[in-house]
Amino acid sequence: MKHSSLIVHCFYFPFPVRKDAKMVEQAAELAWRRCLLPHNRGRCALGCPLRCFSCPWRGMFSSPEVPHLLPRGAAPGPELGKACPGLSSAPDGLAPSVPAVTVTLDPHTAHPLLVVSQDNSSVRWESKWQKVPDTPERFGESYFVLCHEEFREGRHWWEVEAEGESLKYSWWAVGVARASLERKGKINVSSREGIWAVEYYYEHLKSLTHPPTQLSLSPVPTRIWVCLDCTQGQVSFINADNGVEIFTFTAASFNGESIRPWFWLDNLGIQLCLRDSTL
């Protein structure tokens with residue numbers, strides 16, 4: 001009698017594992033690639049299905065508090081880093097497994113109604129046009145601003161926070177865009193046009209797919225990690241307060257172009273701030 005074969009990728013280590021630098025590096029690499037792939041949610045960093053009763057890490061991931069980010073259901077805390085070394089635990093929750101990159105706003109790209117701080121770390125919207133030169137690199141109609149930094153390979157992430165007295169009823173978006181993004185005229189904000197972002201509008205969040213995708217999140221995050229994987233063509237957004245994945249663009253069509261951090265701000269009373277995320 002023939003029996004269908006079932007292969008379960010589960011690993012058990014009855015002895016202490018030596019955590020040398022090479023092993024940690026490999027684990028971090030594996031965890032990063034797995035955690036941002038939607039079909040791998042519900043698995044630990046080694047790829048083990050969390051439904052498997054033999055997995056020594058199964059008990060770590062029974063909490064429903066963090067249901068979307070790999071490992072599914074993992075609760076933030078110091079034990080998480082021991083279970084899956086590639087996902088570091090931080091005071092605020094889960095963090096990507098590579099260091100944050102420092103990015104700075106490029107005032108030369110800012111729409112004339114947007115004012116960039118002197119240290120290029122924040123931007124606010126003003127009701128009066130600024131006296132700035134109308135150069136080819138400056139956005140002329142859309143209330144956008146880019147960062148100086150451009151990325152073509154590797155994995156990078158940074159933190160953005162929206163703050164201000166009008167935050168609850170504000171309109172803004174964060175993400176990335178092709179460096180060749182059109183600067184003049186009206187721009188259709190979507191992944192089809194080379195912008196991969198999430199938009200906040202009056203306490204609601206949506207991803208700027210084509211067409212846009214409404215996201216049901218509670219609470220709605222205003223502090224976000226933007227994670228860019230140029231190699232895999234992925235852009236992910238993570239709630240920096242609890243580590244929950246907000247949305248991931250997969251198979252993004254970068255077309256070999258440089259990618260820059262992108263911001264959109266459309267009302268008074270708030271500002272978008274780049275935060276130092278040394279975890």
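Mentor: Ala-177 has Ile-195 as its bridge partner in S8. Keep in mind that this is a predicted model.

Trainee: What makes S7 and S8 a pair?

Mentor: S7 and S8 are joined by 7 bridges and run antiparallel. Two strands pair if there are at least two bridges between them, so S7 and S8, with 7 bridges, count as paired.

Trainee: Which other strand is joined to S7 by bridges, and in what sense do they run?

Mentor: Strand S14, residues 259-265, is joined to S7 by 7 bridges, and they run antiparallel. Within S14, Phe-263 is the bridge partner of Val-174.

Trainee: Why is S7 called mostly covered?

Mentor: Of the 8 residues in S7, 7 are buried. Buried means under 20% relative accessible area. For the protein as a whole, which has 279 residues, 50% count as buried.

Trainee: What does Val-174 touch?

Mentor: Leaving out residues up to four places away in sequence, Val-174 touches Val-160, Trp-196, Ala-197, Val-198, Ile-224, Val-226, Phe-237, Trp-262, Phe-263 and Leu-272. A touch here requires heavy atoms within 4.5 Å.

Trainee: Which residues touch the most other members of the largest nonpolar core?

Mentor: That core has 40 residues, and Trp-158, Trp-172, Val-174, Phe-263 and Leu-272 touch the most other members.

Trainee: Now the surface. Which residues form a nonpolar patch there?

Mentor: Tyr-169, Tyr-201 and Tyr-202 form the patch, and together they have about 340 Å² of accessible area.

Trainee: How do you know that Tyr-169 is partly exposed?

Mentor: Its relative accessible area is 49%. Exposed means over 50% and buried means under 20%, so Tyr-169, at 49%, falls in between and is called partly exposed. Tyr-169 is in the loop between strand S6 (155-163) and strand S7 (171-178).

Trainee: What makes Tyr-201 partly exposed?

Mentor: Tyr-201 has 40% relative accessibility. Tyr-201 belongs to strand S8, residues 195-201.

Trainee: Which residues does Tyr-201 touch, not counting residues up to four places away in sequence?

Mentor: Tyr-201 touches Ser-170 and Trp-171. Tyr-201 and Trp-171 are 30 residues apart along the chain, yet their C-alpha atoms are separated by 4.6 Å.

Trainee: Why is Tyr-202 called partly exposed?

Mentor: The relative accessible area of Tyr-202 is 41%. With the limits at 20% and 50%, the 41% of Tyr-202 lies in between, so the label is partly exposed. Tyr-202 is placed in the loop between S8 and S9, and has a positive phi of about 50° although it is not a glycine.

Trainee: Which other residue has a positive phi although it is not a glycine?

Mentor: Ala-251 does, with a phi of about 55°. Ala-251 is in the loop between strand S13 (245-249) and S14.

Trainee: Is Ala-251 buried or exposed, and how do you know?

Mentor: Ala-251 has 66% relative accessibility. Exposed means over 50%, so Ala-251, at 66%, counts as exposed.

Trainee: Is Asp-106 buried or exposed?

Mentor: Asp-106 has 6% relative accessibility, which is under 20%, so Asp-106 counts as buried. Asp-106 is in the loop between strand S2 (93-95) and strand S3 (114-116). Not counting residues up to four places away in sequence, Asp-106 touches Glu-137, Val-145, Leu-146, Cys-147, His-148 and Arg-260.

Trainee: What makes the peptide bond from His-210 to Pro-211 cis?

Mentor: Its omega is near 0°. Pro-211 is in the loop between strand S9 (204-207) and strand S10 (213-215). The peptide bond from Ser-218 to Pro-219 is also cis, again with omega near 0°. Pro-219 is in the loop between S10 and strand S11 (223-229).

Trainee: How many helices and strands does the protein have?

Mentor: The protein has 2 helices and 15 strands.

Key
Residues numbered from 1 in each chain as written. Predicted model: local features only at pLDDT ≥ 70, side-chain atom pairs only at ≥ 80, totals over all residues. Heavy atoms only, no water. Patch = residues over 30% accessible without salt bridge, like charges linked within 9 Å, V, L, I, M, F, W, Y side chains within 5 Å. Areas by Shrake-Rupley, 256 points an atom, 1.4 Å probe, with all protein chains shown as cover. Salt bridge = Lys/Arg side-chain N within 4 Å of Asp/Glu carboxyl O. Helix = DSSP H or I, 4+ residues; strand = E, 2+ residues; numbered from the N terminus. Buried < 20%, exposed > 50% of the residue type's maximum accessible area, 1.4 Å probe, protein only. Core = buried A, V, L, I, M, F, W, Y, C linked by side-chain atoms within 4.5 Å.
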